[in-house]
Amino acid sequence: MRIRQGQFAYLPDLSEEELAAQIRYAIHHGWGIGLEHTDDPHPRNLYWEMWDQPQFGVDLPEQVLDQVRACREAHPDSYVALKAFMSTRHRQGVMLHLLVQRPADEPELRIERQQQGRRQGYTLTRAF
C-alpha cells in the first residue's frame with residue numbers, strides 16, 4: 001500500500017502548475033505556508049522535520065515553490081509535505097496538507113489485524 005497522507009492523496013502527484021494553484025489558494029486566504037520532511041512516514045509520526053521557517057504574508061506562489069525546490073534538492077530521498085496554516089485569534093489549524101515529494105524507493109506498509117473475542121487491534125509494519 002502506498003503512503004496516503006493529506007489532501008489529494010489518492011490522485012496522481014500534482015504538477016508544478018497544479019501545486020502553484022494550491023499555493024495561490026492558500027495565499028488568497030492569508031494562510032501561512034510551511035514545509036516539512038521525513039524519512040519515516042508512519043501515520044503516528046506526527047512530528048516531521050521543519051524546513052526553514054513558515055512563510056506568512058507571501059505574495060507570489062514562486063516564493064513558496066523556490067522553497068519547495070530547495071527542500072526537495074536537500075532531501076531527495078524523503079517525503080516532503082506542504083502545509084498551510086490559518087492562524088487567527090480564536091481559530092488555528094492546518095487548512096491544507098499536501099505531499100509534494102515521495103522518495104523514489106517508497107516503503108510498502110502492511111496492516112495486520114489482531115482479534116481476541118470482541119477486541120480488535122491493528123499493527124502497521126513495513127513490508128520488505
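The legends below describe close-up views of a predicted model.

**View 1. The four-stranded sheet of the predicted model.** An open sheet is built from 4 strands in the order β2-β1-β3-β4, with antiparallel pairing. Strands β2 (49–55) and β4 lie at the edges, each pairing on one side only. On average, neighbouring strands of this sheet are turned by 20° against each other, direction ignored.

**View 2. The β3-β4 hairpin.** Strand β3 covers residues 79–87 and strand β4 covers residues 92–101. The two run antiparallel and are joined by 8 bridges. A hairpin of 4 residues connects β3 to β4. Within this pairing, Leu82 stands opposite Leu98 of β4. Strand β4 is also one of the edge strands of the sheet.

**View 3. Pairing of β1 with β2.** Strand β1 (residues 32–38) runs antiparallel to β2, and 4 bridges join them. One of the residues to look for here is His37, whose bridge partner in β2 is Glu49. Strand β2 is an edge strand and pairs on one side only.

**View 4. Helices packed on the sheet.** Helix α1, residues 16–28, packs on the sheet and touches β1, β3 and β4. The direction of α1 makes about 165° with that of β4. Helix α2, residues 61–74, also packs on the sheet, where it touches β1, β2, β3 and β4. For α2, the angle of about 165° is that between its direction and the direction of β2.

**View 5. The aromatic pair Tyr25 and Trp31.** A search of the whole structure finds 1 aromatic pair. The ring centres of Tyr25 and Trp31 are 5.7 Å apart and the ring planes stand at 75°, so the pair is edge-to-face. The cut-off behind this label is an angle over 60 degrees between the planes. Tyr25 has a relative accessible area of 44% and is therefore partly exposed. Trp31, at 11% relative accessibility, counts as buried, because buried means under 20%.

**View 6. Confidence along the predicted model.** The mean pLDDT of the protein is 86, and 93% of the residues score at least 70. Among the elements, α2 has the highest mean pLDDT, 96. The lowest mean, 76, belongs to strand β6, residues 119–127.

Definitions and conventions
Residues numbered from 1 in each chain as written. Predicted model: local features only at pLDDT ≥ 70, side-chain atom pairs only at ≥ 80, totals over all residues. Heavy atoms only, no water. Pairing = 2+ DSSP bridges. Axes fitted to C-alpha atoms, helices over the stretch in contact; angles between N-to-C directions. Contact = heavy atoms within 4.5 Å. pLDDT = per-residue confidence, 0-100. Phe/Tyr/Trp six-rings, centres within 6.5 Å; stacked < 30°, edge-to-face > 60°. Buried < 20%, exposed > 50% of the residue type's maximum accessible area, 1.4 Å probe, protein only.
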